[in-house]
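Please examine the sequence and the structure shown below.

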Amino acid sequence: MAGKAQYFIQGIGMISPQKTFDNQMFLEEITTYDQNVLTAVVPDFKAYINPIQLRRLSRMLRVGLASATICLRDAGIEHPDGIITATGYGFLDETEKFLREMLEMKEKQLTPTHFMQGTYNALAGLEAVMIKCMGYNNTYVSKGFAFENALQDAMMRLDEHQAAHYLVGSYDEAAPVQFIASIREHHFKAEPIVNLNLFDTTTKGTIQGEGAAFFDLTGTRHENTWCELLDVAMVYRPETKDHLAASLADFLKANNISLEEVDVWLNGITGDAVRDVILKELEHSDLKAIPQARYKHLCGDYCTVTSFALWLGASVLKKQSIPEVVKASAFETPKEIKTVLSVSHYMNRNYAFMLMQRA
Amino acid sequence: MNQTIEELTQELRQELIKQLNLEDMIPADFDENTPLFGEGLGLDSIDSLELVVLLDRNYGIKLKDPKEGRQVFHSIRTMAEYIQKNRAQV
Amino acid sequence: MSQRVFITGFGIITSIGKNTAENLASLLHRRCGFGELNVLDTIHSKTLPACEIKLFNQELCELAGVPNGKGYTRTSLLGLIALKEAIQSASLSPAEVRDAGLLSGTTTGGIREFERHFYELMDPLQKGDFAQFADTANPGEHGERMADAVGIKKYIATLSTACSSSANSIMQGAQLIKHGKLDRAICGGTEALSRFTLNGFNSLMIVDPNHCRPFDNTRKGLNLGEGAAFLVLESERAVIEKRKTPLAELRGYGNANDAFHQTASSPEGTGAYNAMNLAMAMANLAPGQIDYINAHGTATENNDLSEGFGIQKLFGSDVPLFSSTKPYTGHTLAAAGSIEAVYCLLGLQHRVVWPNINFHEQMPELSVSPVRELKQEVDLKNVLSNSFGFGGNTSSILIGLA
């Protein structure tokens, strides 16, 4: 194997609070929300999952399996070499159902369906059964790092087998249990806002989102390729902006990219006046001169929300356009968009960088 | 109150459709003798666990060994017969 | 990328011992962890035997060296106790700990606390001590908790592939080292008993009301257990630089999927076969070079049959010594892979093979049977440890003398 290994996104299936499941569209219809909870705009599941399977599946498992199918069809492959998924809270609605039933029935006469479907690897397992994928299978549940862990896992495997295809996915649902349990720590705003105004707010907390996404990651370029994923990195609990900036500088250097080469950066701020502080400082200093796009007003905040950023970056690079709705301020879209950088955080603890390039 | 076997099969049919989310997949020729598993309706091992709980919750019948279920849950008819034979007499 | 990966330390807590020495003594003296549940509050305490650690959370806080009442779940506490023993046993400096990776497997994170305080947590107006457990429905919470408690900064991953979780965290730690992303990875898993899990498995009708009997013809299911174990993995470079004598080498690993059913293994044991085969291929070893298999052996009808066939298919007429240690510890789910890896390491160190307790009647479907009595003075060089889980996950790791 000569030279540095490369990673390409050959297919995407994205189901989010915007109509993203149709890969022909790119944020042309925008859905607005006014209760701080953004839920997935879903396709007709019958087009993706057979009825016998469909009948028992929870909503989020349907969303997850459908996004995997969309991705495989988009990539034009049927048999990936492995499946790697990521989630923060998993199928919390199912967990809640089993938990409530257990408490209400006082541990008697319980049925297993919600228990089974509440397991974090249920999606990776069911997808494997559905497409008979007997290869590598893994699931990460590391809060705001889960999706990055999954991407890195696939990338290391591609270093060993360039021609392989890994189905890398993420899912998280806007579960009422999470919303209520996190009121005490103000994860979500106390006052209802309109999602599109998220970045104009000055209060603590963000808005709850959800989504399922799958990416076909492979080591070789193809006519369908969306973009090249250059690299991914994580920073755990940086103490200051300078700490974060130094990590970013190391990351860019390791990839031989200078900040000036970045055509647009995706800012993962959440609209939380307290938790956004470090990233905002970076925005106003080191990254000040670079055209900026934002996305959490469209999809909300959830543990694996960087999958939305990867979809956004890949779409910008493939379609060579930047929808107005994501531009942080008016700027002219560059003639050629070559390099996209994503900088994000989850709960001011899990910071992550991704670098994408036009393929 | 004594329930006839016909009433019981009718009741079971409704319950099954509800508990196992079968609305969209009941074939036209589905009747009380259609096998629930395998070539028939295509239910699986998890459904049979759901049925074990249904017997317990609705009819007070406890199946200790899941293997016993294979005969009992053959069809709606066999289920009804088993319930009639074993339900707690009130 | 040809970095070899060595094991330089480990730590463990189970129902048969709160550290390595106690576990070793129990293994040698056939002491099992079964009993009535009296730390966990459940209606099944007398009817479903389980392998419980007879210490309340306050006592676990002391063992873990963290203050009580600061939101440490039982999952985190068990994990921390094993993690700290592992760090100490590998003599890692604070700087080495900071730049290490932490990879922890879990099935349900802090669900034990979450289920206990569920109604209070679902009422935002209520105030009280329970609020420290607000985020325990998140499985990654325990990973960050543990990392924060010992000062790990460089890399954190929490994995959840049901009962193979910690085998996969060991694998992933090794992969990060091989690819030069880390010099040291501390990998394992932690599992606390909870009503959620106990009732979940019970609803699947695979919990034996008696003591579990892996590979026995009369087996009726598993018993649950709790515990944690962590292994310190170090790169060849790190070991040479520090002039350490490794305890063993992680020579291979394999992860596959059975792709058969959400909660059942294929009758032929295809996934089990593939996982073991991959591990042996990576280590470049032939079937004749494997001296022992620590089987997943949960004692469910389905697992033991599937795993047994997988082993027979791979090893043919020359099946190595094998046993399941689940009758000692119960099925510790996410922690089982790392706990059994530690038992393999203890076996290698002390040249013993652990017995498959409670085996009496041969399964007619299989032509092989597990080791019944403790075997001593065994010439062990390479051993496999299997861990399988719901979702079709099958994993196998191969540990050899360094």
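Predicted model: local features only at pLDDT ≥ 70, side-chain atom pairs only at ≥ 80, totals over all residues.

**Loop residues, helix faces and a chain contact**

Asn284(C) counts as exposed, because 9 C-beta neighbours fall inside 10 Å and a residue with 12 or fewer is classed in that way. Asn284(C) is situated in the loop that links helix 11 (270-283) to strand 9 (292-294) of chain C. Its backbone deserves attention as well: phi is positive, about 60°, although Asn284(C) is not a glycine.

Which residues of helix 1 of chain C are buried? In this helix, which spans residues 20-28, they are Thr20(C), Asn23(C) and Leu27(C). Because they cover an arc of only 65° around the axis, they lie on the same side of helix 1 of chain C. The spacing can be read against a general rule: an α-helix has 3.6 residues a turn, so residues three or four places apart point the same way. The buried residues of helix 1 pack against strand 1 (5-14), helix 3 (74-89), helix 13 (326-329) and helix 14 (336-350) of chain C. On the face turned away from this buried side, helix 1 of chain C carries the exposed residues Ala21(C) and Ala25(C).

A corresponding description can be given for chain B. In helix 4 (residues 76-86) of chain B, the buried residues are Ile76(B), Met79(B), Ala80(B), Tyr82(B) and Ile83(B). Their directions cover an arc of only 165° around the axis, which places them on the same side of helix 4 of chain B. Their packing partners are helix 1 (5-19), helix 2 (45-59) and helix 3 (69-72) of chain B. The unreviewed UniProt entry annotates residues 3-87 of chain B as "domain: Carrier". Over that span, chain B is 53% helix and 0% strand, and the end C-alpha atoms are 11 Å apart.

For chain A, an unreviewed UniProt entry places "domain: Beta-ketoacyl synthase-like N-terminal" at residues 47-187. This span of chain A is 50% helix and 13% strand, with its end C-alpha atoms 36 Å apart.

The last topic is the contact between chains A and C. In it, 52 residues of chain A touch 50 residues of chain C. On the side of chain A, the elements that give two or more residues are helix 3, helix 4 (113-117), helix 5 (122-131), strand 3 (136-140), helix 6 (146-160) and helix 7 (176-181). By class, that side has 29 nonpolar, 15 polar and eight charged residues.

How do helix 3 of chain A and helix 9 of chain C pack, and at what angle? Helix 3 (residues 92-104) of chain A meets helix 9 (residues 195-203) of chain C at an angle of about 90°, and their axes are 10 Å apart. The two helices are therefore roughly perpendicular to each other. Helix 3 of chain A contributes Phe98(A), Leu99(A) and Met102(A), while helix 9 of chain C contributes Arg195(C), Phe196(C), Asn199(C) and Gly200(C). This helix-helix contact comprises four nonpolar, two polar and one charged residues.

Methods
Residues numbered from 1 in each chain as written. Chains lettered and ligands numbered in written order. Axes fitted to C-alpha atoms, helices over the stretch in contact; angles between N-to-C directions. Helix = DSSP H or I, 4+ residues; strand = E, 2+ residues; numbered from the N terminus. Parallel < 35°, antiparallel > 145°, perpendicular 65-115°, else oblique. Contact = placed C-beta atoms within 7 Å. Nonpolar A, V, L, I, M, F, W, Y, C, P; charged D, E, K, R; others polar. Buried ≥ 20, exposed ≤ 12 C-beta atoms within 10 Å, placed from the backbone. Arc of directions from axis to C-beta. UniProt positions renumbered as here; feature names shortened; annotations may be inferred.
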